[in-house]
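Subject: Structure for you to look at

Hello,

Here is the structure I said I would pass on.

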Amino acid sequence: MKTTETPVPQPAESGATVAELDAHPAARRPSGGRKEGGVLNVFSHGVLVIWAIMVVMPLVWAVMTSFKDDSSIFGSPWSLPDRLHFDNWARAWTDANMSDYFLNTVLVVGGSLVGTLVLGSMAAYVLARFDFPGNRFIYYLFVGGMSFPIMLALVPLFYVVNNMGMLNTIHGLIVVYIAYSLPFTVFFLTAFFRTLPASVAEAAFVDGASHTRTFFQIMLPMAKPGLISVGIFNFLGQWNQYMLPTVLNTDPDKKVLTQGLVQLAVSQGYKGDWSGLFAGLVMAMLPVLAAYIVFQRQVVQGLTAGALK
């Protein structure tokens, strides 16, 4: 018994067009790769959805709990609040001195962030654009600073800051935060400055611009995506810093937000103000979330700019 096969039209012999070949069932290529790609996409999207739930649920639960009273927190921790207890936020802001802690944190993080970006960008620009003896050595010193654990430096750092007369001061914390954040900032921005076109700076030098003017008016604006990216990372690390202010800042009037949250948690022993604690926790969390939501596109652009160029 003979089987009949449907002939596939050949362009050279039958003059069939490309559209006719695509429409013919026997001329279609196997779609195994497409199916495998679809399965991979489904798996990756599923993992991302699970990861998003694991990240978002604790945040939503913390915000929901900040509007409950203490009895509801322990009696029905997963239920919605019966009503919105805004007095928790007012009590945490005033009675627990969260307003003072918040202001101190803004001063410390704001000053250290500006200093880190200015000094880090200047050092990174020099290391990326100029060849001089010791260039690679200085660069690897900054890279090595990223791997140095801060816990090993706490005791000598305490004595250094104390001898400089900056212990228990806002400006002392600012200087320490800048030194703590510079290695990663220089490492990140050095790689970013290397991706910028050198012809722009050369054209500025031809027009008579100095190195300072070329850096601040031409190269620094071009590095804006990288500055925003590294600024967000430094902001997250400095805002949530607890170890350094605990060791270097014991003045009750100059404590930062992380210290205030710990003090609020242990202020009443086992009868802690849990509703006020969650309200203070959300207060500390909101600026970080707002900064990332506002600058998330710039962060992605800064991280992928080197790869795209």
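**What was found**

Methionine 54 lies in helix H3, residues 32–65; helices here are DSSP runs of H or I with at least four residues, strands are runs of E with at least two, and both are numbered from the N terminus. The model is predicted, so local features need pLDDT of at least 70 and side-chain atom pairs count only at pLDDT 80 or more, while totals for chains, interfaces and linings use all residues. Residues are numbered from 1 along each chain as its sequence is written, and side-chain values use heavy atoms, with hydrogens and water left out.

Is methionine 54 buried or exposed? Methionine 54 counts as exposed because its relative accessibility is 54%; the cut-offs are under 20% for buried, over 50% for exposed and partly exposed in between, with a 1.4 Å probe and protein chains only.

For the protein chain as a whole, the secondary structure comes to 15 helices and 0 strands. Of its 309 residues, 35% are buried.

The largest nonpolar core has 23 residues. Such a core is a set of buried Ala, Val, Leu, Ile, Met, Phe, Trp, Tyr and Cys residues joined through side-chain atoms within 4.5 Å. Trp89, Met98, Phe235, Trp239 and Leu257 touch the most other members. Helices H5 (87–94), H6 (98–129), H12 (224–239), H14 (257–266) and H15 (274–308) each give two or more residues to this core. H15 supplies the largest share, 8 residues. A second, separate core holds 18 residues, including Ile170, Leu173, Leu182 and Leu244.

Tryptophan 89 is in contact with Ser66, Phe67, Ala279, Val282, Met283 and Leu286, leaving aside its neighbours within four places in sequence. Contact means heavy atoms within 4.5 Å.

Helix H12 has 16 residues, which at 1.5 Å a residue should span 22 Å, and its end C-alpha atoms are 22 Å apart, so the two agree. The expected span is 1.5 Å times one less than the number of residues. Among the buried residues of H12 are Gly226, Leu227, Phe235 and Trp239.

Asparagine 234 is also placed in H12. Asparagine 234 counts as buried because its relative accessibility is 5%. Apart from neighbours within four places in sequence, asparagine 234 is in contact with Leu113, Thr116, Ser181, Phe184 and Thr185.

Regards
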